[in-house]
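Let's take a walk through this fold, beginning with the sheet and ending with the helices.

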Amino acid sequence: MREIECYTFENEIEADIQLVFECLNDDEHVVKWNSQIIENISVDPKSEIKVGSTFITRQKIDKKVIEVKATYSEYNPPYVVAVEADTKEGISRTVYTLKEFPEGTILQVRVTLLPSNWYYNTITKLMKWSFKFIYDDQFKSFIDYVYDVQYERDVRG
């Protein structure tokens, strides 16, 4: 089966790439802007994360809490991070790409699914429009969060 592109997002953020990466990748920040993530449990310290490192992500979707094992398939901070998770639906992959530009950072997000069977292939194709409603809110919240952190740091000096 072919990989299905489920969601893409791109936005300019007037903030330093290091700050954007920190807010996107550090769990202490992620749980503050992503309303679905309860926690990420990793055995590796932040300083030792590399391609192949794994973690368990605990997420709340509606009233259901799920745990999924995720693996870093790309890790080149602060420019690219890709995370894959193998579930009954298939292999989901989220790629975060950060690029510097004169006023700050461009954030690009791409979410795909390699369906495990024809059923999830069909369901994903029929329902992929709904990903936009879920993810847009999360990434708009992320951008607001980055600006809040930047403001707090500027005020503190």
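This is a predicted model: local features need pLDDT of at least 70, side-chain atom pairs count only at pLDDT 80 or more; totals for chains, interfaces and linings use all residues.

Residues are numbered from 1 along each chain as its sequence is written, and side-chain values use heavy atoms, with hydrogens and water left out.

Start with the open sheet: 7 strands in the order 1-7-6-5-4-3-2, with antiparallel pairing. Strands (E, at least two residues) and helices (H or I, at least four) are DSSP runs, numbered from the N terminus, and two strands pair if DSSP finds at least two bridges between them. Strand 1 (4-13) and strand 2 (37-42) sit at the edges with a single partner strand each, so one side of each has no neighbour in the sheet.

Now look at strand 6 (residues 90-101) and strand 7 (residues 104-115), which pair antiparallel over 12 bridges. Among the bridge partners, Phe101 has Gly104 in strand 7. Helix 4 (residues 131-156) packs on the sheet, touching strand 1, strand 6 and strand 7; contact means heavy atoms within 4.5 Å.

Helix 4 also packs with helix 1 (residues 17-25), at an angle of about 120 degrees and with axes 10 Å apart. Axes are lines fitted to C-alpha atoms, for helices over the stretch in contact, and angles run from 0 to 180 degrees between N-to-C directions. On helix 1 the contact is made by Leu19, Val20, Glu22, Cys23 and Leu24, and on helix 4 by Phe142, Tyr145, Val146, Val149, Gln150 and Arg153.
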